[in-house]
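These are my notebook entries on a structure that is new to me. I set down what I looked up, entry by entry.

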Amino acid sequence: MADRPTSESPQSGGSGPRSPQDPKPTAKRRTILKWLGGAVGAAGLAKAMEPLTSFTRDITLDEFLQKHYQELSPDELETVLRRLEADAKRDYGADVRIDDAPPIPGVQFGYALNLSICNGCRKCADACHQENNHDRDTNNSYIRVFEMTNGSLDFEQGDPTYTHATPAPGKYYMPVQCQQCDNPPCVSVCPVEATWKEPDGVVVVDYDWCIGCRYCEAACPYHARRFNWKSPTIPAEEINPDQGYLSNRIRPRGVMEKCTFCLHRTRRGRLPACAEACPTGARVFGDLADPDSPIRYVLANKRVFVLKEELGTQPRFFYFFDA
Amino acid sequence: MSTTQSIPGEISENSTHWVSYPRFLFECARIAFEGDARFYAWMTVLTAILLVGVNGWAQQLAQGMALTHMSDHVSWGIYIANFTFLVGLAAGGVMMVIPAYLYEDRQMHEVVILGELLAIAAITMALAFVTVDLGRPDRFWHMVPQIGRFNWPSSMLTWDVVVLSGYLLLNLHITGYLLYSRFTGRPLKRSWYIPFVLVSVAWAISIHTVTAFLYSGLGGRPFWNSAILAPRFIASAFVTGPAFLIVALQIVRRVTTFRVPEGAISTLASILRVTCVINLFMLGAEVFTEFYTGSSHGASAQYLFFGLHGKNALVPWIWSAIVLNVSAALLLLSSLSRTNPRVLELACVLTFFGVWIEKGMGLIIPAFVPSTLHEIIEYLPSLTEWKISAGIWALGIGLFTVATKIAIHILTGQSRLGPAAPPRPHLHPHPEGH
């Protein structure tokens, strides 16, 4: 690396006076050389920037000028949704339906997880992978399941990379995903308001507004956010066609994404894919505002805790032991 | 600035800014492209490296950030490491401005413009490093207030955008006004100039404080979540700034006819002797807390200095930094650095690289290792990241070279509007009544 001028600057010149450059006979040759140098430089620059042509071809003017989600009129949103559907057809060969389910008035989503019966099968993580159209190459999922050692809540003793049959003796299992904090550090740090908390408590990202600085990923204490380091690859036949603008539509390259409690499902009265896939009933999802909901029962009757309570993030994701 | 005002002295009555300012810019461009063989060779090398970097960035844009070695675990890498270091370098330029203007050090006053030009070059590099770190630089306009959505005052990143661009503008104004006035032969007006210099002194502290707050404000990253981070940043900025400027002044002395005052270099060296030790002291204070407590908060420091669970990619980096900084401090404290300029230069180079590691890779990466859920995923830069980083450094050093060249030409009277004036050995004209 050329860090400093010292490394290559001539040292031999000494501090003696140097005559100004005015040798007349070589002036013409000098000019020619200068123009030649300029031309070589310009050609070099053009060549260096060549890969950009494919980048700019991918971005249409409509995409470039698209407004923030919260500023789109219903008509504009409709246009955007149809364009995104056409993009999915063009780029992935899939017929998808993208819409935008609004939050249900009065509903406050919350999640609880029973650590006594979770058996570490990772069906939740797989269901998330399928439902949310994650990149197949990286086997991405919003859920990481940690195999924990009995007697410790310390993640340093945990291992998310286990491959053996579960449950293993002396172990318990701790799935971690977005905690949908009521005081979310990821939202405060975003420089462009591309991520915010919806009225029903879900923290969402406008994938078409995010600039990809990844400050939110640094701020999140729960490793809940994922970045699209490349365009996701998914075979057309594996794409989940039931998509939401703020949730599981196929994300563009270079932007952040995260768990949305499957809002395209949950805002229509269905369970998140992870809760539906859980074979043990460890996952309890529901409306914190409804006194008769199962999650309210858990909060009232179980000894629940949240992760990293000392950070003041106020998670909406609760853990409890049953036995 | 009034554009119709007539100028006394050698400027003709009808020579307005509309005429003289374009001529000023043209003259700057001319100086930038004129020089001897050494200058052309130097600029050619820098341009070639810059082009390699541009190509790297174009590929990264076309194929995605997957060309870097960053991951969801280590989501910031050498780009943000360089950014952090360069904000410090920019702030360090103020170590010339403070002696020159607050303590009225006449000798420093003659070369103070180099500190201001360094600020411009370093901020340009810092902004370039943030830009190449963005996944979607095409959406940069989302951050423009009014047009986009600028999350101020909540996001420290927006504060950083404000203070960095403000510092860039301040220094562009100060140096631009000085050079333009000197070029046209107009007298300097204190009101157009001194208030901006004084603001820039406070502003220099702010840029590095805000950049430290960017990290120290994150509760989920215990390695950064420390109140000493901002003071540490300032201390190390006042190491790299003087170190760079001492070497730059020595080069100016060797390759131009300009007479660099000895007092300026010795003042910078005195500053460096103090800040170099303060920087090491603060690092030590931080390291003590991390290790003596023995809590899991120290896991990142453990990883950085000794490795953790067999993963130790950063261990050679940080110990290199320690060796570089400690040897530089010893050289600076010994009498050799007072008598032998080569020893002083060596110490400057050593500590410059030492801080580059300590404040770059040694500060950014360990905050991500182990991750917030204690997974240990390591990071070292990819070839693309090295190429782009080298390209940006070449850009900044080229900018600094050209700007310094222009400044020397104009301030020594080699380039001026109207009849040639007798060359003067001072870089910095004193404002009226100063």
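This is a predicted model: local features need pLDDT of at least 70, side-chain atom pairs count only at pLDDT 80 or more; totals for chains, interfaces and linings use all residues.

**Entry: cis peptide bonds in chain B**

With those names in hand I placed P370(B), which lies in the loop between α14 (361-364) and α15 (383-411) of chain B. The peptide bond leading from V369(B) into P370(B) is cis, and I read its omega as near -5 degrees. I found another cis peptide bond between W152(B) and P153(B), where omega is about 10 degrees; P153(B) sits in the loop between α5 and α6 (156-184) of chain B. I wrote these down since most peptide bonds are trans, just as most residues other than glycine have a negative phi.

**Entry: positive phi**

I then turned to phi. E193(A) is not a glycine, yet its phi is positive at about 55 degrees, and I located this residue in the loop between α6 (185-189) and β5 (195-197) of chain A. I marked H309(B) as exposed because its relative accessible area is 60%.

**Entry: α11 and α13 of chain B**

Next I looked up how helix α11 (residues 315-333) of chain B packs with helix α13 (residues 341-359) of chain B, and found an angle of about 150 degrees with the axes 8 Å apart. I therefore recorded α11(B) as roughly antiparallel to α13(B), and the crossing of α11(B) past α13(B) as left-handed. The residues of this contact between α11(B) and α13(B) divide into 16 nonpolar, 5 polar and 1 charged. On the α11(B) side they include W317(B), L324(B), N325(B) and A328(B), while those of α13(B) include L350(B), T351(B) and W356(B).

Which residues does T351(B) touch, beyond its neighbours within four places in sequence? I listed V239(B), A243(B), L272(B), C276(B), L324(B), N325(B) and A328(B). T351(B) counts as buried, because its relative accessibility is 1%.

I compared the angle of helix α3 (residues 78-92) of chain B with that of helix α8 (residues 229-255) of chain B: the axes come within 7 Å and cross at roughly 65 degrees. That angle is why I call α3(B) roughly perpendicular to α8(B), and the crossing is right-handed. By class, the contact of α3(B) with α8(B) has 8 nonpolar, 5 polar and no charged residues.

For helix α5 (residues 106-133) and helix α9 (residues 262-293) of chain B I noted axes that come within 7 Å and cross at roughly 90 degrees, so α5(B) is roughly perpendicular to α9(B). Here Q107(B), M108(B) and V111(B) of α5(B) meet E262(B), G263(B), A264(B), T267(B) and L268(B) of α9(B).

**Entry: chain A overall**

Last, I took chain A as a whole, with its 10 helices and 12 strands. Its radius of gyration is 27 Å, whereas a compact globule of 323 residues would have one near 20 Å, and its C-alpha atoms fill a box of roughly 95 × 50 × 35 Å along the principal axes. Buried residues make up 52% of the chain A total of 323.

How values were computed. Residues are numbered from 1 along each chain as its sequence is written. Chains are lettered from A and ligands numbered from 1 in the order in which they are written. Side-chain values use heavy atoms; hydrogens and water are left out. Axes are lines fitted to C-alpha atoms, for helices over the stretch in contact, and angles run from 0 to 180 degrees between N-to-C directions. Helices (H or I, at least four residues) and strands (E, at least two) are DSSP runs, numbered from the N terminus. Angles under 35 degrees count as roughly parallel, over 145 as roughly antiparallel, 65 to 115 as roughly perpendicular and the rest as oblique. A crossing is left-handed if the near helix is turned anticlockwise from the far one by less than a right angle, and right-handed if clockwise. Contact means heavy atoms within 4.5 Å. Ala, Val, Leu, Ile, Met, Phe, Trp, Tyr, Cys and Pro count as nonpolar, Asp, Glu, Lys and Arg as charged, and the others, Gly among them, as polar. The radius of gyration is taken over C-alpha atoms; the globule rule is 2.2 Å times the number of residues to the power 0.38. Buried means under 20% relative accessible area, exposed over 50%, partly exposed in between (1.4 Å probe, protein chains only).
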